[in-house]
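Please read this briefing alongside the sequence and the 3D structure.

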Amino acid sequence: IINTISQSNNKLSFEEKTNENIHEILRYSIFKFKNEIKNINIVEEFDPSLPKIMVEKNSIIQVFDNLIKNSYESSKFVNSSYVKIKTKYLFGETVRVPNIKKDQKKNFILVSIEDNGKGIKDKQIKKIFLPFYSTKKSGLGIGLYLVKRIIDFHDGEVSIVSNKICTTALIKLPI
C-alpha cells in the first residue's frame with residue numbers, strides 16, 4: 001500500500017492504452033461482485049450506442065471495482081437496496097482552433113454508479129479524494145485517492161454527489 005501511494009505521488013505506472021468497450025469492463029467488475037452481493041439489486045442502464053474508448057484497461061477495472069465496492073458497503077441491506085450503473089454519451093463543447101480546418105470536439109462517456117445507501121455528508125465529500133482519508137472503520141483511505149489519480153491520467157473527471165436519497169459517483173471519460 002505504501003509503495004502504491006509513493007508511486008502515485010511520482011507517477012502511476014500504466015500499461016499502454018487500448019481501444020475498449022466500456023460495458024465489457026463494467027460487466028467484468030459487476031461479475032466479480034455478484035457472488036458477494038446479497039440483498040442488493042444490481043441495475044444496468046447502458047447506452048448501447050457508445051463507441052469504444054482508449055483506456056488502460058486494468059486501471060479502469062480498478063476504478064470500477066472500487067466504486068462498486070464502496071456502493072455495496074454503504075448499503076442499508078434492505079429489500080429496496082440497489083446499485084445502479086448507467087452509461088451515456090455526453091456531447092461536449094466544440095472548439096474552433098485558429099489555422100485548423102476541423103473543429104475539435106470534446107465528447108465524453110459518462111459512467112454513473114448510484115446507490116441508495118447511507119450517503120456521504122457534505123464535509124466528507126470535500127475530503128474523500130485525499131490520501132488516507134476514510135469514513136470506514138477499517139478503511140485505509142487510498143481507494144478513492146487512486147480512483148482520482150487514474151481518472152486524471154485518462155484526462156477524465158470524477159466527482160461524488162450525495163443527498164439523503166442516494167449517492168452517485170460520476171466518471172467522465174473522453175472519447
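In the largest nonpolar core, which has 34 residues, Ile 22, Ile 60 and Phe 64 touch the most other members. A nonpolar core is a set of buried Ala, Val, Leu, Ile, Met, Phe, Trp, Tyr and Cys residues joined through side-chain atoms within 4.5 Å; buried means under 20% relative accessible area, exposed over 50%, and partly exposed in between (1.4 Å probe, protein chains only). This is a predicted model, in which local features need pLDDT of at least 70 and side-chain atom pairs count only at pLDDT 80 or more, while totals for chains, interfaces and linings use all residues. Residues are numbered from 1 along each chain as its sequence is written, and side-chain values use heavy atoms, with hydrogens and water left out.

- Two or more core residues come from each of helix H2 (22-34), strand S3 (53-55), helix H3 (57-73), strand S4 (82-90), strand S7 (108-115), helix H5 (143-153), strand S8 (157-162) and strand S9 (167-174).
- Helices (H or I, at least four residues) and strands (E, at least two) are DSSP runs, numbered from the N terminus.
- H3 gives the most to this core, with 7 residues.
- Leaving out residues up to four places away in sequence, Phe 64 touches Ile 22, Ile 25, Leu 26, Ser 29, Val 111, Ile 113 and Ile 171 (contact means heavy atoms within 4.5 Å).

**Lining of the largest pocket**
- H3 gives the most to this lining, with 8 residues.
- H3, S7, H5, S8 and S9 each supply at least two of the lining residues.
- By class, the lining has 14 nonpolar, 18 polar and 8 charged residues; Ala, Val, Leu, Ile, Met, Phe, Trp, Tyr, Cys and Pro count as nonpolar, Asp, Glu, Lys and Arg as charged, and the others, Gly among them, as polar.

**Ser 162**
- Ser 162 is in strand S8 and is buried, with a relative accessible area of 13%.
- Its side chain reaches the backbone nitrogen of Ile 120 at 2.9 Å.
- Not counting residues up to four places away in sequence, Ser 162 touches Gly 119, Ile 120, Ile 125 and Thr 167.

**Asp 155**
- Asp 155 lies in the loop between H5 and S8.
- Although not a glycine, Asp 155 has a positive phi of about 60°.
- At 58% relative accessibility, Asp 155 counts as exposed.

Note on methods:
A polar contact is a pair of N or O atoms within 3.5 Å; within protein, one must be able to donate a hydrogen and the other to accept it, and residues adjacent in sequence count only if both atoms are side-chain atoms.
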